Amino acid sequence: MAAAASVTGRVTWAASPMRSLGLGRRLSLPGPRLEAVTAAVNPSLSDHGNGLGRGTRGSGCSGGSLVAGWGGGAAAEAVALALAPALSAMRRGSSESELAARWEAEAVAAAKAAAKAEAEATAETVAEQVRVDAGAAGEPECKAGEEQPKALAPAPAQPSAAEEGDTQVLQRPPPTLPPSKPKPVQGLRPHGKPRGKGRSCKRSSGHGSGENGSQRPVTVDSSKARTSLDALKISIRQLKWKEFPFGRRLPCDIYWHGVSFHDNDIFSGQVNKFPGMTEMVRKITLSRAVRTMQNLFPEEYNFYPRSWILPDEFQLFVAQVQMVKDDDPSWKPTFIVKPDGGCQGDGIYLIKDPSDIRLAGTLQSRPAVVQEYICKPLLIDKLKFDIRLYVLLKSLDPLEIYIAKDGLSRFCTEPYQEPTPKNLHRIFMHLTNYSLNIHSGNFIHSDSASTGSKRTFSSILCRLSSKGVDIKKVWSDIISVVIKTVIALTPELKVFYQSDIPTGRPGPTCFQILGFDILLMKNLKPVLLEVNANPSMRIEHEHELSPGVFENVPSLVDEEVKVAVIRDTLRLMDPLKKKRENQSQQLEKPFAGKEDALDGELTSAPDCNANPEAHLPSICLKQVFPKYAKQFNYLRLVDRMANLFIRFLGIKGTMKLGPTGFRTFIRSCKLSSSSLSMAAVDILYIDITRRWNSMTLDQRDSGMCLQAFVEAFFFLAQRKFKMLPLHEQVASLIDLCEYHLSLLDEKRLVCGRGIPSGGRPPHRGPPQEPSPSAQPAGDNPPPRTSCANKLSHPRHTLS
């Protein structure tokens, strides 16, 4: 640094450019490149009570320093100390020649002091840069109790390299070094707390806290959104969040995937897919899950048509159909065959007799489900239709379910007639799939919510209400179907989840929007057709301009429903919502209890406490679980069995129970007896496991899957509690297992703490052999009531 002195009483300082320093990688540490910063020497400065070290208030720096290039830092203080004798001489009234001589001598000392201060500031800047997280290079970290220093002059606009994943490092000025505060130990906050990764001050791209205290926007990675991208973009704009359409090097708050959880490796944040959901809602897996619940609660799960899995159950299907026909010769059923992996109506066809099933090699390569066809659906304008409802599964443990208040009604394009051998092939009459009917010449694209081949479900409800239909009861029955279906799916979803994201390992949290296809029968009873893991979120349709030439035309009905669902899903999953609420409460505390005279000041204060969602409509997603948990918790028996299954898996990440784990389960729960030896337990394990492995396509892992464990559990429950209905047998055995495992956990806890056996905490007494009227032990025992009483659940409405 060079200094020039003159007899006029002014000193001109020229800042020397700082050099790039090598610290494993090159970090640019430029100081403020000001050509010259002048400091006037005037005896009147002492009248402000600041001195040169503190400077005037109009400099624009955080410390108000005269040495503007350093913002009140160490260099300014060095200059002030070096010039102090000259100022003293000026105050004593020394002659001009003496002042000039002394001033020239002191200028040299001031230059040396400033150079030394600059070197110290450079070293401190380098140390501060080293402490910056590698993922947020170029961003100064905040220290507790310190304010972000304001810039002297607006810096030129720079690309947000850290935001877009570029490796370029953003430039920043050297930090201020207030001498009054002790310098904290590197890597720790002033109070000794470790510096958290990723917690940095305001970024150059504007993601940090603003001057009014507003939080950074939520970041969304939309690089894998696919067909839902347009609706997602609109939702992000409405929320005023930040989208990364090409991904991001730094972690995002939310990742929006179009197809599968496994689209990418994600170690933090939230992702809109559950591992295993695609497999769980396939037609075969869904049918098996619902069938298990139908065995336990046949009347509660009568909303799903009776189904058979092909080719495994083809002979059973033929035998049962023939049995019913022998009992009732007038019965002339219709069946619908759905390929397991089919979508958008692909491969679906209707049959009148089991012999009509196309067996020519297709079932072996493409398994299917055959179901009873609903012959008497509710018709509107003589057309058959179904309902696409959007359901948000926000969490598995604890279970949280939301249902959108509006959905889509998709109509066939030919007037409906009951199936006969002559009209079975008329898909535009029998199948409601949008992807099929859009190719019909009768398909009507409409911008009205109440007309056309695709309408809002709310418009259908309004039309039914005008005819005297109890809309609240319709909604209540639909809610019941959704909750019961999710309860049937969650046990195996938990197994998938612990396989991909084991407890104690880093990973994202998951949520997912599901598409429920529901058909209303003529008596307004809802019937579940299928569940879609990746419901279409497109908000436009293709219009054929000429043969082979299409254009995308916006669909106002789709946009009205789907954008609201995605936007409000993001609002519910907002990771910064609690932080904003806590900040708002903290900012409101100082004003609590003030007099009314402060009302004017509060209303004119900055809108940092304003609700960021004030401009948005109310959330369209209604919570139905745990809101109605009391009415449905008794159904979660398989969910409790899944918890036992996961406990004895042993190795984290596996999905099948080995023979050792199954034997450990039997011993820990004390299920072996004279009538059930451990040799019989091994035979039971081998028989059930072999049969289930032959039915599944995945042969990579050997062992007992969850469905096989449930079958074995049913067998054990029937042996131990012979005189009870099946669901009470299973509930009693679950209570017994949980009781013995709680004793085992208490024993381990006592041994771990070194508590003598006489001083261990009390536990519940051993459960008695339950009678048909006995209540099982446990915090949430399922009621021992008849199935008829269980069906009388209260009616729910979505207001």
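Author: Let us begin with a definition: a residue is called buried under 20% relative accessible area, exposed over 50%, and partly exposed in between, using a 1.4 Å probe and protein chains only. This is a predicted model, in which local features need pLDDT of at least 70 and side-chain atom pairs count only at pLDDT 80 or more, while totals for chains, interfaces and linings use all residues. Residues are numbered from 1 along each chain as its sequence is written, and side-chain values use heavy atoms, with hydrogens and water left out.

Reader: Okay, is Q344 buried or exposed?

Author: Q344 is exposed, because its relative accessible area is 59%.

Reader: And what does Q344 touch?

Author: Not counting residues up to four places away in sequence, Q344 touches N433, S435 and L436, where contact means heavy atoms within 4.5 Å. Q344 and L436 are 92 residues apart in sequence, yet their C-alpha atoms are 7.1 Å apart in space.

Reader: Switching topic, what about D574: buried or exposed?

Author: D574 is buried, since its relative accessible area is 8%. Leaving out residues up to four places away in sequence, D574 touches V218, W241 and R580.

Reader: Which residues have the most contacts inside the largest nonpolar core?

Author: They are F516, F662, F665 and F713, in a core of 108 residues; a nonpolar core is a set of buried Ala, Val, Leu, Ile, Met, Phe, Trp, Tyr and Cys residues joined through side-chain atoms within 4.5 Å. A second, separate core has 33 residues, including L232 and V563.
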